[in-house]
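Hi,

Here is the structure you asked about. Have a look, then read my notes below.

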Amino acid sequence: MKIPSSQAAGYDGEIVSAWPLSFAWNGLMQFRVCLLLAFFAASVSPVLFAEEPAAVRIVFDTDMDSDCDDAGALAILHALADKGDLEILGTLVSSSHSWSGPCVDAINTYFGRPDLPIGVSKANSASRQGSKFAQQIAAEFPHDFPAGEAAPDAVMVYRQILAAQPDDSVTIVTVGDLTNLRYLLESPADDLSPLTGWQLVAAKVRWWVCMGSRYPADLDPQPWGNFKMDPESTVKAIADWPTTITFTGGGEFANSVATGKTLGTLPKDNPVRRVYELYFGGAARNRHSADQITVMVAANGAAAPWKLVTAGHNKIFPNGTHQWETEPDNPRHQYVSALIDPESAKEVAAEMETLMRHQPMDR
């Protein structure tokens, strides 16, 4: 319908006589437009207006003393955090080595996160291994974390972090001993939370991704590896944990995706490059990627390229050795210790090493 120009424009006030028709037309058009907009919103809003998935919230728990892959894993965390793929809530230390906490803080500071919460294990059972790099990194790179008795208690830092998070939102990543998690579970209610440690974990932790140990079994009684440094804590933490645990393996699997050599191309003031140089006593070289695998699984999930085993349970012996048993099935236990396609090992290693070489924006 078209309004005649004489009625639409009018002369000497004739526009008044045309107003009802104009109003009716405009009203009809507005009604049709509203219908179209309503249909459009109903049909596309789930796609266009859906909320972005929340970034993975990660607490990183490391020994940061005996091996260099802890530093590589922490570098990957910072790279993924800079990309917006995850949020680092804290970086805890499971060993009692005096310089592990300052070393972690130096790496965090380099990557522009100097205020990430750090706590160290105060438990008598915490392992203390030697380190080829921790004290030197603390001496060479800026940080403000106190060594020794002045360092915050990891269990209290855990409780503070978890109490502040939404329910079922936190992923815990352990690439060291399980001392902190054992004592977190055993912690009582306090001023930080009215919940016990077990209740706090059950409420806040969605998933625990645990580096340890070799699959399908590690029955070697020699005291090496994350499970055997504090075996009592290993047994208790895994037995009492209330949510899903994904174990990740080392050994041949971690060696098949070795990383580290190309860190030598980074600036000399990069602490991760320096960790690898100190560990090898010279130029950075490739080392197994046990801890890096754990971080990648936590950040992206246990699907491809990882081969996930879900049937069975991880049987832990009193000395910290273990074996995967197919029966009975524990729905909270699963493990990753292979690639779906072994031929993709070089590609997977290259992706992890690219993330390890990530430089913060201000560098």
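Which residues of helix 8 (residues 197–204) are buried? They are Gly197, Leu200, Val201 and Lys204. Buried means under 20% relative accessible area, exposed over 50%, and partly exposed in between (1.4 Å probe, protein chains only). Seen down the axis of helix 8, these residues fall within an arc of 95°, so they line one face of the helix. The arc is taken from the directions from the helix axis to the C-beta atoms. An α-helix has 3.6 residues a turn, so residues three or four places apart point the same way. The cover over the buried residues of helix 8 includes helix 6 (154–163), strand 3, helix 7 (179–186) and strand 4. Contact here means heavy atoms within 4.5 Å.

This is a predicted model: local features need pLDDT of at least 70, side-chain atom pairs count only at pLDDT 80 or more, and totals for chains, interfaces and linings use all residues. Residues are numbered from 1 along each chain as its sequence is written, and side-chain values use heavy atoms, leaving out hydrogens and water.

Helices (H or I, at least four residues) and strands (E, at least two) are DSSP runs, numbered from the N terminus. Two strands pair if DSSP finds at least two bridges between them.

Now strand 4 (residues 205–211). Six of its seven residues are buried. Five bridges join strand 4 to strand 3 (residues 170–175), and the two run parallel. Valine 173 stands opposite valine 209 there. Strand 4 also runs parallel to strand 6 (residues 244–248), again with five bridges. Tryptophan 207 has threonine 244 as its bridge partner in strand 6.

Best wishes
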